[in-house]
Amino acid sequence: MPSNPDSRVQELQLTLPPAPRPVAKYKTALLVDKVLYVSGHGPLQADGKALVVGKVGVELTLEQGKEAARLTGLAILSTVRNTLGSLDRVKCLVKTVGMVNCKEDFKDHPQVINGFSELMAEVFGDEAGVGARSAVGMNSLPSNMAVEIECIFEVG
């Protein structure tokens, strides 16, 4: 990768929303030793307030679901930067759990969560930005958000 993650965000002309605040009794991220646990985040629109809502395969297409996962990634990057002070402290993405709000016979969960995974690879590179992952379907998600993603990073 030609540059560090903070520089990559600028090079890719990504706009990070304001770091989301908890909507209940939890922390959006918790640093324990050299591991950053990031709580479930949803797809924030550019205003940093409104969520992309709806079921993938019903109100949203697969491509709209994938874009929602990418938007969720931007929110997570904002939380990581806010927590650590810099994305450059991230050594690697260890694990991702991606949840897709979808109808019961939807089968393309991995393609939806690729919106997040591809963003992480763009920012951190293929070696550090691609980790273990689960992509699952859910009957519902909080506030009817289209996707929810939580992840774990190793930090230096």
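User: Why does Ser143 count as exposed?

Analyst: Ser143 has a relative accessibility of 60%. Buried means under 20% relative accessible area, exposed means over 50%, and partly exposed is in between (1.4 Å probe, protein chains only). The value for Ser143 is over 50%, so the residue is exposed. Please keep in mind that this is a predicted model, in which local features need pLDDT of at least 70, side-chain atom pairs count only at pLDDT 80 or more, and totals for chains, interfaces and linings use all residues. Residues are numbered from 1 along each chain as its sequence is written, and side-chain values use heavy atoms, leaving out hydrogens and water.

User: Where is Ser143 found, and which residues is it in contact with?

Analyst: Ser143 sits in the loop between β4 (132-138) and β5. Helices (H or I, at least four residues) and strands (E, at least two) are DSSP runs, numbered from the N terminus. Apart from neighbours within four places in sequence, Ser143 is in contact (heavy atoms within 4.5 Å) with Leu51 and Val53. Its phi is near 55°, a positive value in a residue other than glycine.

User: What makes Asp33 exposed?

Analyst: Its relative accessible area is 72%, which is over 50%, so Asp33 is exposed. Asp33 has its place in the loop between β1 and β2, and its phi is also positive, near 55°.

User: Why is Leu31 called partly exposed?

Analyst: Leu31 has a relative accessible area of 33%. Leu31 belongs to strand β1 (residues 29-32). Beyond its neighbours within four places in sequence, it is in contact with Leu36, Leu84, Arg89 and Val155.

User: How do you know that Ala69 is buried?

Analyst: Ala69 has 0% relative accessibility, which is under 20%, so it counts as buried. This residue lies in helix α2. Not counting residues up to four places away in sequence, it touches Val112, Ile113, Gly115, Phe116, Val147 and Ile149.

User: Why are α2 and α3 called oblique to each other?

Analyst: Two packed helices are described by the angle between their axes and the distance between the axes. Here, the axes of α2 (residues 62-84) and α3 (residues 109-129) come within 7 Å and cross at roughly 40°. Axes are lines fitted to C-alpha atoms, for helices over the stretch in contact, and angles run from 0 to 180 degrees between N-to-C directions. Angles under 35 degrees count as roughly parallel, over 145 as roughly antiparallel, 65 to 115 as roughly perpendicular and the rest as oblique. An angle of roughly 40° falls among the rest, and therefore the two helices are oblique.

User: What makes up the largest nonpolar core?

Analyst: A nonpolar core is a set of buried Ala, Val, Leu, Ile, Met, Phe, Trp, Tyr and Cys residues joined through side-chain atoms within 4.5 Å. The largest one has 38 residues, and Leu77, Val80, Phe124 and Phe153 have the most contacts inside it. At least two of its residues come from each of β2 (35-41), α2, β3 (90-101), α3 and β5 (147-155). Setting aside neighbours within four places in sequence, Val80 is in contact with Leu36, Val38, Gly85, Leu87, Val90 and Phe153.
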